[in-house]
Each structure stands twice: as C-alpha cells, then as structure tokens.
Amino acid sequence: MRWPRLCRGSRLLFLIVLSLVGGGIVYEYWTLTRLVEISPTVIATEATTLEKTKREKPHFALNTGECFPLDSQLVDFPNCRSKWEWMKEGWKTDACYAHMGVNGTGCSFRRYLSITERHCPLMDGGNPMEGKTIAQPNFSLDQLFAKMVDKPVNFEFMKKRISRMWDSWKESYTENVKKHSKSMENRNKLRIILHLGFLTNTKFGELSSKGGPLGELVQWSDLIASLHILGHDLRISTLTDTVVRNMDSFSGMRPCPNGTQIDLIFTDIMGLRVMQRKRRPFVAGNKCKLRLLDSFGTQAEFNSREYFTGHKSELGKTNPWGGHDLALRQFLSLYPHTPDNTFLGFVVNTHRNETEEKARSGVLIYGKEKYMWEKAGEAVKTAMEITEVHATVADAFDASALPAGVINHGLLGEEEFHRLLGKVQIFLGLGFPFEGPAPLEAVAHGAIFINPRFDPPKGRLTEKFFAEKPTLRALSSQCPYLEEMGEPWVITVDTKNTTALRDALQRAVQSEVTPRLPSELTASGMVLRVSLMVDRLNTCEIIPVWPPPSALREIVGKAGVSCESACSSAGLRCDSALFPLVNKKEKLMRMMECDTVAIAPSIVAPSKCTLQENVLLFSCSASVGGTVRLCPCRDFLPDQRELCSQCL
C-alpha cells in the first residue's frame, strides 16, 4: 500500500490527528510489542519518554472503575478496595506494572490484583496461575541432598532422618492430594532461603550423634522435607558464607513480582542476627517474608522493643532473644502452645509393627545425659520397687554413673530407640528437657508417659532456663501438650511426691493402651499445614487474607480473661492474625456499649472502649486486671488446630 503524497501543511495536520487518536497507545505498549513480536527493551527508551508525556497530559480519561468486584465478593478480600485505589496512580511508579499487563484500566487492575498479588477475587474465567510457575511434587532425595552440603556433619542427622521417613513423606503428599485437592494443586513455586543459624559456629551437628539435643534438628529436617516434596526452590545453608551467597543471588526490591525476588526466608534467631550483620538492607527489605523457628514461642510483650523497654520492671531486665518487631505469626513454634505464633510442629516418626503382639514390661527413664538424673534418685528408686528400669544415657561410662540395677542401653539410634519404646510399658519423665519430642514418640509406640507436674509452673519469672526466653508462658508440666491428651495415655503427677508417683506407676502397670498419635504430628498433617502456611499466610499485609476474614467469630471475654481463654471457653481458638478485623471503632461501640473510644498502645487492646494503636501488641495470651477484651476467634479442625474449616 502506498501512502498518498500530502503537502507540508496537510502532513502536519495528519500527524496531529494521528497523535490524538493514538493517545492511549502508550498505555498498551507492552501488548503491542507482543502483537508485533518486538522485544519491549527495543522500544523502552522511546516508549518511556512518550509514556511520561502522555501521563502528565492524558488525552482521555481511562475507566478505572470497570471490573471492580461486587461488595458480596469482597468478604474474604479485605485489602482489595485499598489496593485498587492505590493502583489508579501507583501503577505508573514502576515499569514492572506495565510489563505485568497493567494499562491504567480497571480491568487490568482486577487482573493484576487477583492473579499476581491475590488481593481481589478472580474475574469469571480467570486463571489464578496465569504467568506463574506451578509447583510440582519433587520425590528425588538426590536433588534435595545436593542442596545440603555446605558442612556435611551439620546435615548427617537430618539426611538420615529424611531418608528413613521418605516413603512416609511421599505417601503423605499423595494422601493430601486425594483428600484436599483444592489446597494442594495449582500452588505457586516459591523461592525460599533456609538458614539453620543454630548450626553456625556450634557443635550441634556433631553432638547429634553423641546424645546432644535433637528437637531443633528434628523440626528443621521435617520442614525441609515438606518444602522439597511440595516442589519449592530451596537454598539451604548452615554457614555464613553460604547464606550470604544465597541472599546475593536475589535481586533488589521491586514493587511487583518479577521472578527474581525471594518469596520466603526461614531461619532462627541466631541465623537472623548473622543475616542482619552481613546483609542488613536485604533483611530489612524482606522483613515481612521472614519466618523464625522459635521452639518456645515469642509473645507481644517481648517482640515489641518499645513496649519491653517501657516495662522492664515487670518483665525482667534482659530480652536477648526478643525485640524483633515482627508480626507474631512470623514466629514458628515446636508445639501449638500459643495461638499468637504459628504452629509449625514436627513429625513423630514410628517404627511400630502393627501386626505383632508383644507383652510389655518395664520403665524407660526419659533422660539421655547424666546431669538429667542428678535429682532423680527418689523417683528412680520408686520405679524400681514396681518394675525393672531401663535407661539410654549416652555418657554413663561405668556402672557407678547410674543407680544400681538400672539397665542402661547407652545411646541408641532412632530406630533402636523406637523398638525399645515398643517393649516398655512406661516412659517416665524426670522434668527435663522441657517440651521435647520423645514423650510423643513414646505414646505413639504404645507406652504410657508419666508427665511430671510443676507446682508452681515453670516460666521466665520462676525458672532459670526460661529467664531470657521472650515469653511469659509458664509450663504446668514437662509436656503440657500431652497433659491435654490425658489418661490413659498420659498421667500427669508430682513425681517428687513418692506416694503420688507410686500410685501413678501402679495405675500405668495395670493399664492397657493403644498407641495414640494426633494427626497434626504425622507427615500427612505437616505436609498439609506447611503447604497452606507458605502458600497463603501473608504477613506483608496488616489486614489478613488467611485465615479468611469469613472465619472470624467475635467474642467479648470476661473481665481479666485473655482472648486465648475466652475463645477456648467457646470451643474456638484465638488467632492473632485476625485482630485487625475487630480493632474497629464501630465494633467496640456496638459490642461493648462505648459512647467514646480511645486509642492506645495497650497489650490487651482492643478492649473495653480502647482501640489498639500499635499492631505489634495484638496478643491472644495477654490479660490485665479486670480488663474486658474483644477477641478474634475461629474454629479449628480436629487434631489440626492450626487450620480452620475455611482455611482449606
């Protein structure tokens, strides 16, 4: 086709008209480049200049309201409206939005906010995984172990545990896909850093084969196995140089996902300190993506640096493990002991032969190092009066190290230890270690756990071990989780009271129990929980989208009662992530009959006519005097309390 020859004045008029007609073309330049198969980088320089001119003086108004969801669709998308308002001008602040298909129209906002950032509901026919890499299950142990290499001794225990349990992990994935297909399929493949800081410059890895503590190693092993089998991209480290390289492999912060950013960072408090020291800007820029493994949990009073500083006289002078100013849900606990934090958990591994009937006898003492036996003389003597006593003490090198008559098997591997648990009738706690995994293993193998009761409870203000822990939680027994399970599997008793202990041992000897294992502590339970936790728990937003807002049940507690207790009394569970949904003036005025509403940084707000000013102080566990609290509760699944019925 030949263009007609025009005079100079006509050509000028033609160009002006063409410019007016094509004024919106710049907003679609990314789409145009795809249509004509030209790389956007080729036209970037010219387009940027033209784009800036057009934005400053647009020739027409774009319809930014089209495709906005109906109010009825926004129940579980509390951030949609505010994000939409920001997009009206904010999309122009970075070229990445245009590259993701945003062009200034409402429909492009809806597409981006529903698919890329998941703040709004999908449009009809929308594909939530469009443009994303879907996570596929990874059943290759070789590929996983190739990532666990920076210091081999640090990974020896974990590799052995993962290998022994690998068939269970594979079966658990398949089982969850069948039972919970909507939760397990079409998941985004995430880029995840895992730094095991407690293994950096320590001998924990070496001691794992010599009777050292295993709780943290067990939890990290199970987390790594879960994430790998779920198909995520993992960068694993125990050494400083390795984690620095892993951090450096990701680009700087951009306002929208571009495929080169980190999605999540799992570490512990020791690891966080190393990362902050080496790459503080990276950690600060990704602060909301942190997940800290924290066995005993962190409460709001110690998480907020400002609050702790102002309340040292009542909380204690030191706070070396607190002051991180994170959302409480970013702390991952070993047991579900506080609803303020997220229950990550672990897997209770078993080696039971379901078809074999065996007569049980004897007591196995829970204490694998000599120092744990120092004050146990009377308890051991009482047990020996009733039945034979076994031990697995690693550092008892001569007969005089333990009371005469105790059968010491020495340090056992996991499988041998489980076989012994399957033969004895009773597993007797000595009071330490606190909240370890072994009592769960005992109950899962059919032994009855004698759980030492603590009176008074042991916590930060009463026990040296907890003196610097960032929590006021006090343990009523050696394993409060099993205390809840109760008899016949668990008998909680004051083991220092010889009469009470003898009675408990005699009841146990006369009892027959079947093995018991809550599903939340199985491989299947952990895979489901980890899958939902990494895919849906978003701590980069103040207003939660998971658990979904529709799961909220508002409860007005009794005077002086914590929200944890108020929700529990109603058969529900408090969830600290839901506090922003109840921290509203209209709710206090309606539910607590307030004429006026104050706002303050209070550890118990929202409460009677007082809103919470500092979101870091939202606390399920706190209670003060006669204060009446407004509590965010939700239901929970049987044997899987971290998840609600609407969380799946």
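Cys563 is buried, as is Cys631. In this predicted model, the sulfur atoms of Cys563 and Cys631 lie 2.2 Å apart and form a disulfide. The torsion about the S-S bond of this pair is about -80 degrees, and the disulfide is therefore left-handed. Because Cys563 belongs to helix 23 (residues 563-569) and Cys631 to strand 18 (residues 630-634), the pair ties together parts that are 68 residues apart in sequence.

A search of the whole structure finds eight disulfides, and a further one of them joins Cys567 and Cys633, with sulfur atoms 1.9 Å apart. Here the torsion about the S-S bond is about -75 degrees, so this disulfide is left-handed. Cys567 lies in helix 23 and Cys633 in strand 18, so the pair ties together parts that are 66 residues apart in sequence. Both cysteines of this pair, Cys567 and Cys633, are buried.

The disulfide of Cys594 and Cys609 has its sulfur atoms 2.1 Å apart. With -95 degrees about the S-S bond, the link of Cys594 and Cys609 is left-handed. The pair links distant parts of the chain, 15 residues apart: Cys594 sits in the loop between helix 25 (585-591) and strand 16 (598-600), and Cys609 in the loop between strand 16 and strand 17 (610-612). Cys594 is buried, and Cys609 is buried too. In general terms, a disulfide is a covalent bond between the sulfur atoms of two cysteines.

Attention now turns to helix 17. The buried residues of helix 17 (residues 377-386) are Ala379, Val380, Thr382 and Ala383. Seen down the helix axis, these buried residues fall within an arc of 160 degrees, so they line one face of helix 17. An α-helix has 3.6 residues a turn, so residues three or four places apart point the same way. The elements that cover the buried residues of helix 17 include strand 7 (363-366), strand 8 (389-391), strand 10 (426-429) and helix 21 (498-509).

Thr382, placed in helix 17, has a relative accessible area of 2% and is therefore buried. A polar atom of the Thr382 side chain lies 2.8 Å from the backbone oxygen of Glu378. Leaving aside residues up to four places away in sequence, Thr382 touches Thr498, Leu501, Arg502 and Leu505.

A buried charged residue was also examined. Arg460 lies in the loop between strand 11 (448-458) and strand 12 (475-477). Although Arg460 is buried, it has no salt bridge; the nearest side chain of opposite charge, that of Glu468, is 7.5 Å away. The Arg460 side chain does, however, have backbone oxygens as polar partners. One of its polar atoms lies 2.7 Å from the backbone oxygen of Leu315, and the side chain of Arg460 reaches the backbone oxygen of Ala467 at 3.3 Å. When residues up to four places away in sequence are not counted, the residues touched by Arg460 include Phe302, Phe308, Leu315, Gly316 and Thr318. Also touched by Arg460 are Phe466, Ala467, Glu468, Lys469, Pro470, Thr471 and Leu472.

Terms used:
Residues numbered from 1 in each chain as written. Predicted model: local features only at pLDDT ≥ 70, side-chain atom pairs only at ≥ 80, totals over all residues. Heavy atoms only, no water. Helix = DSSP H or I, 4+ residues; strand = E, 2+ residues; numbered from the N terminus. Buried < 20%, exposed > 50% of the residue type's maximum accessible area, 1.4 Å probe, protein only. Lys, Arg positive; Asp, Glu negative; His and termini not counted. Salt bridge = Lys/Arg side-chain N within 4 Å of Asp/Glu carboxyl O. Polar contact = N/O pair within 3.5 Å; in protein donor to acceptor, adjacent residues only side chain to side chain. Contact = heavy atoms within 4.5 Å. Arc of directions from axis to C-beta. Disulfide = S-S within 2.5 Å.
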